[in-house]
Amino acid sequence: MATTRIPIGPQHPALKEPESFLITLNGERITDVAMRLGYNHRGIEKAAENRTYVQDIYLIERVCGICSHSHSSAFIQCVEEIAGLEVPLRAKYLRVLIGELERVHSHLLWLGVAGHEIGFDTLLMYSWRDREVVMDILAMLTGNRVHYAMNTLGGVKRDVTEEQAREILKAVDTLEERTKYYIDVATHETTLIQRLSGPGFISKDDVLKYGVVGPTGRASGVGRDARKDDPYAAYPELDFNVVTDDHCDVYGRTLVRVGELMESYKLIRQVLKKLPAGDIAVKSPRRIPAGEAVSRYEAPRGEDVHYVRANGTDKPERVRVRAPTMANLQAVAKMLEDNNLADVPIVIAAIDPCFSCTDRMVHIDRIDRGPSSESFEWGALRRKGIEWYSANGVDFTELNKRFEVRG
Amino acid sequence: MKLSERLVNWARIKSPWAIHFNTGSCNACDIEIVAAITPRFDLERFGIQVKGAPRHADLLLCSGPVTRQIETRLKRIHDQMAEPKFVAAVGSCACTGGVFRGCYNVKGGIDQAIPVSIYIPGCPVRPEAIIDGVAKMLKTLEESQKGKK
Amino acid sequence: MSKRRTEEELKAELVAAFPELEGKVRVARERRVWVEVELASFRKIFERAVKELGFSILCIITGLDEGENLGFIYHIADQGGTMLNIHTLAPKADPSIRTISDIFPAGHIYERELIDLFGAKVSGLAPGNRYPLPDGWPEGQYPLRKDFNPAVLDAGGEGA
């Protein structure tokens, strides 16, 4: 059968430049995926060495515009450990509050993106509408929809009032009702189940072999979660389940994420109920004594690892960041093995990658017909996927019309 | 008729096409751009459609600081657009490099590579600010069209 | 369910297996053990930790500019959440290390970072794309070394 190679990258089809993914097809089946990453490389680790620890909180937050609290918390935990600071318990609870709200907004975002990739656009509209409820809460608590700057060295910067706590609980009640609709759809709508079942398969053994983290790994039955394995902040005192599933595919990843939404609502309620009195921060020195620490944080996408080395000055000697997507990208080739071209958008989306998907361009080079080539951009690849599945009996037109999330 | 209504009517006739390009952002602004299209903010009521091909676009929405490896591509995408064309630097990174200014792999804001028509700051930029900025830009587009007659 | 091995027990096991580690193993706190290892002994200690002591998870590899040497910390973890952080040094004059991607396939990406950003030489890596720097990055310029001067990037024309 004819072999075709498809580059997917952040460039215009007319430019023949390095791509992010180079996919080799045999007919319609994927036989190989090669990756070239780095177009988003900014040089953050180096910049962190030239800024103070407090300035670095704002820099490190911006590694990712979705899990910013995860990054800033993982970073500050290292610094606090090196400095020997006793972060007050109230601050730890507040960090969990923001962290779980972040998980909720991230998973709702993902639900919308996944819906969009498969043509279930009504899901995008509803889940992003629900996400706005969380964004409003985060803006109320911290002053910003994203990049909350909640952390400071030694604790958090803002407290939560009784009135705010009531608003949060109301919002969580609303979101929980709506999430139940999503779970209902995810477990009963045959169109959705058919579309998501199968693509992106990765076995439990391969999850362990490639070090896959987060919901992606948990969907293959690997119950790794830093909140349980290496607890931090207030997690040691909180009761929650690690959601796993055994489908090992995109469907499993969907079930894990909606399940985690419900666990997050549970955690948020617990935090507000058990929130201890006390200070929200301890005083911290500007200069951090020489030392090193490593911390692991369960971001919405999976385990985030930070390492910091201090040298006695007010600036770090070294800051090292391993975002969860970096771990999961290594397994994408495995997940796409033997899948169809039509599955590429949803499989990549299902690891919940930390890079923007809106400008990927796809270039198809049909080798068997010589150097003549077709050009696609990501949107066209997505449409191709939707069309292919429609032609094979998996169509979202009817569900799009009928789907409604009340409440 | 209020300005916003005139703009909406004009845009519905003209239907400007926007493309979105991320030059290395943390994605926060990209998500706010998409949020601007969702019902709560609804950029599409201005008649704007977000497409993928530079050749057909009137408006380039750029998020992120200009990283060294993306610079040439950004310039080429801009070259592909036909006049009149407008560039919106969406978010503080696109305006000035933002928090990444001074990073070895970052050259600065979008204007380091291509001319910018409108700067919409924010970290991230709020969806309302994107709409406000785009509305102002549409007004300029309308005036430039009039000027040609 | 077996009792979780304590950090002190882990330290004792390491020193018993490798007497040269006497005085080189530090228990920082619960779940955090740090060990200084000579480059020549690294591989055997690493393999032992992964294959026999239960450290089946590679979290990350950190490169460091340590003056005359490049430092490498391999952060590995066991299922119980204990992290063993193995630190070794190679001289800048010859910063050669061997890949661990035969044990942890996903580890190659961290090793490529060490090559691009620190100028490490990693033997045994499968062919693959560089990461994270673009093509056209000036030879011999390693951004995460302390003596790196960004001005060299503007001198010879743009990167990619």
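Me: Which residues in α5(A) do A:L101, A:V104, A:H105 and the others in α4(A) meet?

Reply: Bear in mind that this is a predicted model, with local features needing pLDDT of at least 70 and side-chain atom pairs 80 or more, while totals for chains, interfaces and linings use all residues. Residues are numbered from 1 along each chain as its sequence is written, and chains are lettered from A and ligands numbered from 1 in written order. Taking contact as C-beta atoms, placed from the backbone, within 7 Å, the α4(A) side also includes A:L108, A:L109, A:L111, A:G112, A:G115 and A:H116. Across from them sit A:D121, A:L123, A:L124, A:S127, A:W128, A:D130, A:R131, A:V134, A:M135, A:I137 and A:L138.

Me: And how many residues of each class has that contact of α4(A) with α5(A)?

Reply: Here Ala, Val, Leu, Ile, Met, Phe, Trp, Tyr, Cys and Pro are nonpolar, Asp, Glu, Lys and Arg charged, and the others, Gly among them, polar. The count is 12 nonpolar, five polar and three charged.

Me: Is α4(A) roughly parallel or antiparallel to α5(A)?

Reply: Helix α4 (residues 89-118) and helix α5 (residues 121-142) of chain A have axes (lines fitted to C-alpha atoms over the stretch in contact, with angles from 0 to 180 degrees between N-to-C directions) that come within 8 Å and cross at roughly 165 degrees. Over 145 degrees counts as roughly antiparallel, so α4(A) and α5(A) are roughly antiparallel.

Me: What's the pattern of chain C along the sequence?

Reply: Chain C has four helices and seven strands, as DSSP runs (H or I, at least four residues; E, at least two) numbered from the N terminus. In order, that's α-β-β-α-β-β-β-β-α-β-α.

Conventions
Angles under 35 degrees count as roughly parallel, over 145 as roughly antiparallel, 65 to 115 as roughly perpendicular and the rest as oblique. Two residues are in contact if their C-beta atoms, placed from the backbone, lie within 7 Å.
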